[in-house]
Structures are given as structure tokens and as C-alpha cells.
Amino acid sequence: MQIMTPHGHNPNTLFIRLMQYASVLIVLFSWLSGTACAQDTVDLPIHEEWDTYSATSARNVNGWLFCKSDINDQSIVQRSDLHAYLSTGSTVGSGTVVATPYLNQVPDTFSFRLYGSNLHGQTAQVEFGYIPDTPPLTSPSDICALFVPYDTVPLSVSNQWQRTTVDLHPYYALHGTAHRLAIRLLNSYNQELYLDEIGAWRATSNPCKHPLTMGTDFWVTFFYNYHETASYNPGSHDLFLLSNDGCNISITKGDTPIASRSLTSSNNHFSTVTVGDNSSLPVATPYNGGYHVTSTEDIWLYANNYIRGTQDIATVLPTTLLDTAYIVQDYPAWEFGAQVAFVATENNTVLSMTVPCAIQGTTITAGTTLTPTLMQGQAYMLISNGDHSSFSGMEVSSNGKPFAMFQGGRRVQVPTSGSGSDLLYDQATPPTLWGTEFVVAGIMGQNGNNYVRITSSEDNCSVTIDGIPTGIINRGQSLERPIPTTAAKTIVTSKPTCVILYLTSYATAGSSGDPSSIPIPPVKNGIRKSRFVSPNTTEISSNSHFLNIICDTAWGSQTTVDGAPLSSTDMLTTVGRYRVWRIRLIPGNAGSQQWLHHVENPQGAFVAYTYGLGNWESYSYSLGFGCETPPPEPDPDPEPPEVLHDTIRFSDTVCQGEAYSMPATFTVGGLTYNPPAEGHIEMRAGETATAGTVVRWASWEENDTLVHHLCLTLTVMPTAQSALLRSIIAGDTLLFADTAIALAGTYRFLYTAANGCDSVVTLVVSYEAVGLETSAEGLCPGEEVVLTATGTHTYLWSATPHDPSLDSLQGQNPISVRPEQTTTYSLLDATGNVIASITVGVEPPPTLCIESNRSFIDYDHPVLSLHDCSSDRHHTTWQYSDGPTLNGERARRHFHHPLPDSVSVTMTSCNRYNCCADTTVVFVTKIRSVWFPNIFFPDQQSNNRFGCHTSFETQDFELYIYNRQGLLVWHTDDINISWDGTHDGTHVPQGAYVYRWYLTDIYGERRDGIGTVTLIR
């Protein structure tokens, strides 16, 4: 459980005091809790004056101070050894104050663990604040007496240990650090509350050492890639390994070691390992497809799924980040289906998922629940069946064991109406790394729009883009919106979401590149450094690799790429407090034909992703996720004045949902306070709170020496709420509370409750299910289709685009229509709202196109290859005049001698709705012969030349003549020139000579031969 305090600060009271006594001993160690990454933990020393007090009055354990409760006399114990602690049977009494010594650093958070027993369904509270350094402490009881609360948070404490983390950033921005951090536990007498592990907290002076995406243990798998030109295959499945320091890496598949690498300065701490190719993989069956990567030191790992023309790269997450449940977010695959694959990290991992679509190559249908059991290292892959199908929104969970999930598709078009497709391949982001605020910048090198898809983790999630409400989505639903390639957008959601940016198809982008996908980290999960790879390929040149960086304006000047600071010429825009840079990467250190880069900011976090664009090709990937990062702090005042604090408390009531406006004055204890309007205000008019909430209403200063803290305990009187669900048939009327309701919708009825607050009854009226069926899902233009409706009394029809024939069919059911194009037919209620729709697909016959290897039948090589290149073709039939019929996109036939003088071929090409067109092509048989004389008489009047004779035209020609000793005596590359029986102008002797010839006909076919000729003088 994580508790966050309001983020407010008063710049006049921001200061850092020097430590008044002993120096702070800082012990660094790695600590990972929740979504936090490796952190620096501070072990705080205790002031020496407290060592003399007895344990019955106050205790210090690991640098913390404890005061005895004035409310409860139970003993107080805190120990790091959990077993020893529980064996004492001691508890923390209600009202106990736990405090640190003086602090001289500003922490982000501190945390503690609680264990509750005998709770009887109740809740406890923790109140955190501080003990000021003035007046000085003179006795242990001063810890309780001087405690100044900052905020109180209710805790649901159950009979188990749970960690509570408190965000202190705004607290210290308000109060400075030269005082003792303190917490007070509040619980009733019949509860026992155990306290443990106090003091593990992060300090902003010691930021995260590494991005979350660095690690020493990874699991990864690959799935199918595709390219329509077979010569581009095979591809490769590659792992890019990078580190900051030297390390040894092992890679296994199942129990079999397949590779090991040592990253050293000699190889730029980089290596590529090819672990497989695009070979056959099973569908819906566990198989040995998981690769396990382990390292002696933290590394970055990227997975490259490569075939020339269809490449994509995924950032691989370490095992420590993997979750036990995911929500799939993919883009509808244009062809060959969407893909999702899972890898088990432990034996007997049982997955559970209900597929939203049929599975390719199997009998699994939509709505089927699958529960495969995987052993460690086994993979499990699904491919959806059908064009533009998708797994998006599918929830996948395990039996409590973490697993990795990868998602994408072989041929995806972005947008779905675009032209051109490419591979999408990413590792799914665990829900623990989803967020509510994102900044997304368009892609450099493309035109028009890119697209984002936003997927929610909860119901009723509102989405705002650049401050404009854009839509509301439920758990697992996705909202797609364009992002101009020349702009950046801020996306804010009310619930945690996943945002993925999609590059567009080359025809849509109007430039190079093709679809690719980038999981965008929330701005709170920025990183501070990364090493990454720009892979040079056949299709992507070295100057076509780019990097997008989103960074808080306070930290932008500190960011460097390959050691060089960001340039103002690379800045795209400023969005709120964030600046966006887009950089064309220059070649860096080479490693196995890959360019290596690094980006770093030692002071603040940034979001970054890289991509490359080529000839109908692209790749892209995020540089990873980091720790949750607070906004940058303003510079502290080096000499702050002495400031005293007091707390003013009062209470009030309000009806739930009503506005509560701040009064002009407050009278508490006979004193009247008049806080200024510009004070630190956390609750304003129109805002509401839950019952019993303690709100810090305002803070203000007097003469820079006294700070007032005004706290309101607001009792919210509940508003009675009730909801009723009713359904009606369209055309009927429902009578409720003397109100006749004829239309579906939400109706509210207001009453007054006994407490004087409103009582609201919400009536939700819906139409009963209306059925709409068609006699054919697709047809040719002008063909008839019958539409039949069920479950309604009214038959008001509409069509998009408009169908004039409906004007005479209103009120009828069923109806017959003849659409000329794809049309959506809808049933409307009395007010014109759509209550049921169905789409009838209409496609004209294909526009015919035939490709052939030649325009005649070659007598010597009687092979005829035909290809149906018609647009929108689905299936093709080839009918030959001499009998055979062939089916398929391509028809290849070898004719046997004796050959016919001519053959006619009729091609019938049909679309998916069996709308067909045909054409006939005639092919004539031609004899193409090559011959040479076997004897010639150079000294006579006739037959005195030796040369080549053909019955067809040639593109190039070579003729070589050799004597019996193998010496070349004559050569020509002109078929029109013949040999006269001489060598260098001298007559050669009578006898036999060997000749060799080569030629290429006008169709590009290469021929050659060898023979002998007798020369007689």
C-alpha cells in the first residue's frame, strides 16, 4: 500500500539546516520494494544525549527515538529481527510517537511495516509530522509534547504484515529538514499493532543507481516474422547485450547452454548473440522457446526480431519486474493474425486466459478459456485467426508465478486503412509500471500522423489530451488517437493506463519507414541513463537513426547524448513543464555492425525512445523504465530564518457531493484567524472529502517567524444512493414514480433524507436485446440481401452511406435491399438513436491483371508461368483450351511434345464475396533454335565462314574457338561476325577445332554450348 501526500510547498519556508551534532553515517545498500529500484538507504544515528535515558522512558533502536504513549501504557519495541520481535509479544500502543534524530538530507519517502491483530474489521491511522528543533528537547516526553502533525492517513490493517510508504517530498518542501521526522500511531484499545522495519527511505541526494530495465536475470522469447520475398529469408533472432562495466553473461534455452559472453572494454561492453531464426514454431502448445539470460553485473538487454524488410526490437525487462497478471494491448493485424507469447520463469506455471478470437491452425474458438501449464523456460504462443484480428484487452494471469509476455503481429498496417505493413514485437509492460501522465512526441522522418493506443487498467477511466477531455474507457478497452509527427502531446488519465506509440505505414507517412510500436513510460518512471543500439541493416542507412527525449525543463541542460549536451536546434517543443528533443543520431562506437550510443542525466529523469527508418522498414523501442521520480525541487535558501510553527484545528460538516467554501475567518479557542487567500490551500470550493478526513486547509506566515497550519476535520454527511436497473422493448413505455419513460437512458430522482442531505435514486433504463440478421455478409454490387430484425416493435431503418430504397421500406420487416457499396444498416428508436446495426460488405469484381514469364510457348523450353496480379483477388481459376484446369494465384504448366500451335488460357479472378471477372489470353508456340556448321572451306567460294545461326533475337553473344592444344585462336562477341579460318592474320592448318558459345535471348534466358568443326583447305 502506498500513501501519497499532497504536493504543495511554501518557498519562503524552504531551507536545509546543518546537522547540529554528530555527522550522519550513510550506509549504501540495494533495496527493492514495490516498483522502486535499487536505492541508497540511510542508517540514521541518534543524538548522544538520549543514550542516558532509561528504556522505561524512551528507547532508541537503529537510530530512532521512541516516546512512551500518554494514552496507553503498553511497552514499545522495534527490532529488525522479526522472529525475536514477535517472540516478545510486545505491541506499539495507541498514541506512540516514533521520531528520527535531526536530519540534514531531504528524503523522498520513508516506510515502515505494520502487523495488526484482533482488529474486528476496524482501521488504524498513522499521523506523520515533525518535532521542531526549537525549543530544544529536555526530556523524553518532549517527543510527544512537541509533535506537530502534518497529515493523517487511515490504514486498513489486516492480520498480516504490510508495508506502508509515506511520500515526504512536499512535506520537506514546506518545512525544511532541520528537525526530527516523526510518526504517531493511532488505534483503539482492542487492537494490537506491531511495528517493524522503520527507516528504509530514499534520499534525493542519492538518486536511483540504475534504470529498472537493467538487471542480471532475464527471460525472453521470439515469435514469427515475415517477408513476402523468399530471398530475404532466413532472418535471425538476436540478443543485444550492453553494460557499463565488465561482466560475464550466460544464455540457456531450457537446460541447454547455447552461448556465453564476456563484456569488456575491448568490445565496448557490447555483444550480439544470435539465438535462432524464423523457423517453425508451434501454436497453442507449450514448447522449448524461452531463453534465460543471466549476468554477473547489471546489463541492458534488447531482443532483435530480424528479417530484411520486417524488423522490430523489444526492450527486455529483468525477472524482478515481471508480474503474475497482464492485459494485452496490440494493434489489429492486417494479415496472418496478431501474436502473443508467454515464457514461464518457474516450474508448473499455470496460465489462464479467455481468447477474444479464434486461434489460427487450431479448433479453438472465440470465448474459449485456455489454462496451459508451463515448466520453467517453456514458451506458449497464440496467433489470432483472420485479417485485422486482435488480442487487445485479453487478460492473462498465472497461479501466482511471474511470467514474461510478448505481443505484436507479423503484418500490421497503421492505421488499419493504410498501405504497407511490418512486424510489431514488444515485451508487455507489467501493470505495476502503468501510469497516469505521459508526454508523447511524434516521429522524426515521417509525415502526417503517428497514432497512440491508450489501454486502461480500471473501469471508468477518463482520458485527457492536452487538457481536452477525449473519452472514457473501461478496463482492457483501448482508445486510439492520432499524434502529429511535428508535435508532442500530454496524455493524462484518471486511472493507471498503458500508452503505446505506433509508427505508420510508408504510404501513410509519405516517406520512409513502416509500422513499429513503442511502449511509452509514464513521466514519473523516467530514467537517468541508458546504453542502446542503432542496428545498421540493408534497408536502414547509418544516418536514419533517431532519438526522442522528454525531460523536465529544470533538467534538460544536464542531459547528454554520446557525451554531447542537447542542442537547442534539436528541441521540438515545450509541453507544460516538459521539453521535447528529437535527435538524428550520428554513428557511434561500432560493434558487429551495430552503432552504440549512451544518454545520461546525473540530476534528473527523462523518457527516451529510439527508432530507425528505411526503405519500407523500421524498428523502434523504449530505453526503459526508471524509479518513480518527484518533480525537481527549487533551490534551497542557504540562510533561512528561525521559524516557529503552530497548528489550528477546527471541524465542520457538509453533505456529500456539496461544495465546501473556505470561510473568511475562523474562531478557535476564543481566537479569530484570518488566513490570506494566497496561503497554501489544499481544499477549495467545490471539492469534497470522505467522512472524518483531516485536511490541511491553509498555511501562512507572519513576519517570517511564525507559520500557522490550519487543519479541518470535515465530517461528510452521507448522501443516500440507490440504483435500479430496468429494461424495455423499443416502442414500449415504463411507468416509474408517476413518470412515463419510453426511451433508454439514465434518470435521476431526488428526495430528502433524514439527515437533511439528498437521497438520490438512479434509474438506468436499457433496451432489451435487439437482433439484426442478414442473409449474406457480403455480395456483389446490386445483388439482393434480406435484413431481418427481432426484439422490437418499431422498424425505422437507416443506412450509412444513404440507401434511397429505405424510404419506401420504413416500418417493414424483413426488408430486401440491393446496396451498390459496403453499407451499414441500422434500426433506430423513436428519437433516432441506433439500437442495432449490421454491415453488409459489397465489393466489385477484381480489376484484372495477368503476369506471364513470356508471351509465347517456347518450343525448346515449353514452360508457361502465369500470375494473377488482379486487385482485391481472393481465389483464381485457370482454364486451358486443351483441357486442364488449375487453381490458385499462380499457375505453372510444362507442355509436352508434340506442342500445339497455340493455346488459349481463360483466367477467372474472384473476390472474397465470389464476385468474378474473366479474361482470355492466347499463347502461340515458337521454335527457337541455335545451330553451327560442322565443316567449312575457307579457301572456296561458298561455305567459307564459320559462325552462329539462330531463329530469334539475342541480347549478348560470345564465341570462342580453340585448337587441339587448347590455345584460343579466335573470339567474337558479335553474332553477325563469323570466322574466316585465320589466327592473327595467318591461315590455320586444316583439322578439327573446338568451339564454345554463350548467348542471352531477349527474355533474359541464358544459353550455352560446345562443339567441334572441321576446317578443310
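The following exercises, each with a worked solution, concern a predicted model of one protein chain.

**Exercise 1. Confidence and overall make-up**

Determine the average pLDDT of the protein chain and what share of the residues score at least 70. Then describe the secondary structure and the contacts of the chain.

Solution. 
1. The average pLDDT of the protein chain is 76, and 70% of the residues reach a score of at least 70.
2. For residues 188–210 the pLDDT is below 50, and this stretch has 110 contacts in the model beyond near neighbours in sequence.
3. Residues 633–639 also have a pLDDT below 50, with 10 contacts in the model beyond near neighbours in sequence.
4. Four helices and 77 strands are found in the protein chain.
5. Of the 1017 residues in the protein chain, 50% are buried.
6. When contacts between residues at least 6 apart in sequence are taken, 71% of them join residues at least 24 apart.

**Exercise 2. The largest cavity**

State how many cavities of 30 Å³ or more the structure holds. For the largest cavity, find the volume, the lining residues and how the lining divides into nonpolar, polar and charged residues.

Solution. 
1. Seven cavities of 30 Å³ or more are present in the structure.
2. The volume of the largest cavity is about 100 Å³.
3. Its lining is formed by T315, L317, D426, Q427, T429, P519, Y621, S622, G624 and F625.
4. Two or more residues of this lining come from each of β26 (422–427) and β43 (617–622).
5. By residue class, the lining of the largest cavity has four nonpolar residues, five polar residues and one charged residue.
6. Asp counts as charged, so D426 of the lining is the charged residue.

Note on methods
Residues are numbered from 1 along each chain as its sequence is written. This is a predicted model: local features need pLDDT of at least 70, side-chain atom pairs count only at pLDDT 80 or more; totals for chains, interfaces and linings use all residues. Side-chain values use heavy atoms; hydrogens and water are left out. On a 1 Å grid over the protein atoms alone, a cavity is a set of points where a 1.4 Å probe fits but cannot get out, and a pocket is an open set with protein on both sides within 12 Å along at least five of seven lines; lining residues have an atom within 4 Å of a point. Grid points are joined across faces, edges and corners, and a volume is the space filled by probe spheres set on the points. pLDDT is the predictor's confidence in each residue, from 0 to 100. Contact means heavy atoms within 4.5 Å. Buried means under 20% relative accessible area, exposed over 50%, partly exposed in between (1.4 Å probe, protein chains only).
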